[in-house]
Amino acid sequence: MAKKFYVVWAGRQTGIFTDWATVQRAVIGFAGARFKSFPAREEAEEAFTQGGVASKPFGKASDTRKSSGKMFRPQPFDVTIYCDGACEPNPGNAGSGIVVYRKGKLAELWYGLYEPAGTNNTAELNALLHALRMTEAEIQASKTVELCSDSAYSINSVQTWAPGWEKRGWKRAGGEIKNLEIIQACYAIYLRIKTRVTLTHVAGHAGTEGNELADRMAMLAAQSKTKELKLYRETMDVPTILKMRAG
């Protein structure tokens, strides 16, 4: 039997999967679920990056638009938050970035959480932790929120692996759980809001504006060695910011 690759654009868990059971858990009973199977990984990755353009048999295709060569994902939520981490070298100077859109319009850029001996994973998790805190505040203000990260490791740590680790006393068969303290902090918030947040994995460095901007903010944090999470006070000129150092 030929192997299939399943893309889930909207569900309890999003991404590219190879087993139907996981897809079923992600989409069955989820309002507005969007998914499709592909015969090749390359096709699946392209379709996932495009945000569902190829998913017409499963409902309305997204209205993904392009501007100045950068891809924009549709924004059906009140608030969409992107988070990203960067580290150079790895391990080494690490920083995190967060980008906030309100009703599809760029509203805030954040950078900071510098670690002198961090890793890409700690930077990604720190970004997710603070983005989750922002998400919870928005939910408490009765906003609908989508939280986006290009780190499958971070999303899986909180959404997929943490429940099992918790049941086993925060242990795993393969040995210690790296970055456990940050994962536990993320998971505690996620448990409080998981029924009211859409946690989405986005392809990194694929031209999605929010992801690219979060990447630039993360690199700015690592280069400037900014420890506190700070609001970006310069003019939010997207083309100019995208010319900044990428992670």
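Leaving aside residues up to four places away in sequence, Thr-198 touches Phe-77, Val-145, Glu-146 and Leu-147 (contact means heavy atoms within 4.5 Å). The model is predicted, so local features need pLDDT of at least 70 and side-chain atom pairs count only at pLDDT 80 or more, while totals for chains, interfaces and linings use all residues. Residues are numbered from 1 along each chain as its sequence is written, and side-chain values use heavy atoms, with hydrogens and water left out.

**Thr-198**
- Thr-198 belongs to strand β10 (residues 197-201); strands are DSSP runs of E with at least two residues, helices are runs of H or I with at least four, and both are numbered from the N terminus.
- With a relative accessible area of 17%, Thr-198 is buried (under 20%; exposed is over 50%, partly exposed in between, with a 1.4 Å probe and protein chains only).

**Open sheet**
- Three strands form an open sheet in the order β2-β1-β3, paired antiparallel (a pair needs at least two DSSP bridges).
- β2 (15-17) and β3 (34-38) are at the edges with a single partner strand each, so one side of each has no neighbour in the sheet.
- Five bridges join β1 (residues 5-10) to β3, and Ala-10 has Arg-34 in β3 as its bridge partner.

**Helix α3**
- Helix α3 (residues 120-140) has 21 residues and spans 30 Å from first to last C-alpha, close to the expected 30 Å (1.5 Å times one less than the number of residues).
- Of the 21 residues of α3, 16 are buried, so the helix is largely enclosed by the rest of the structure.
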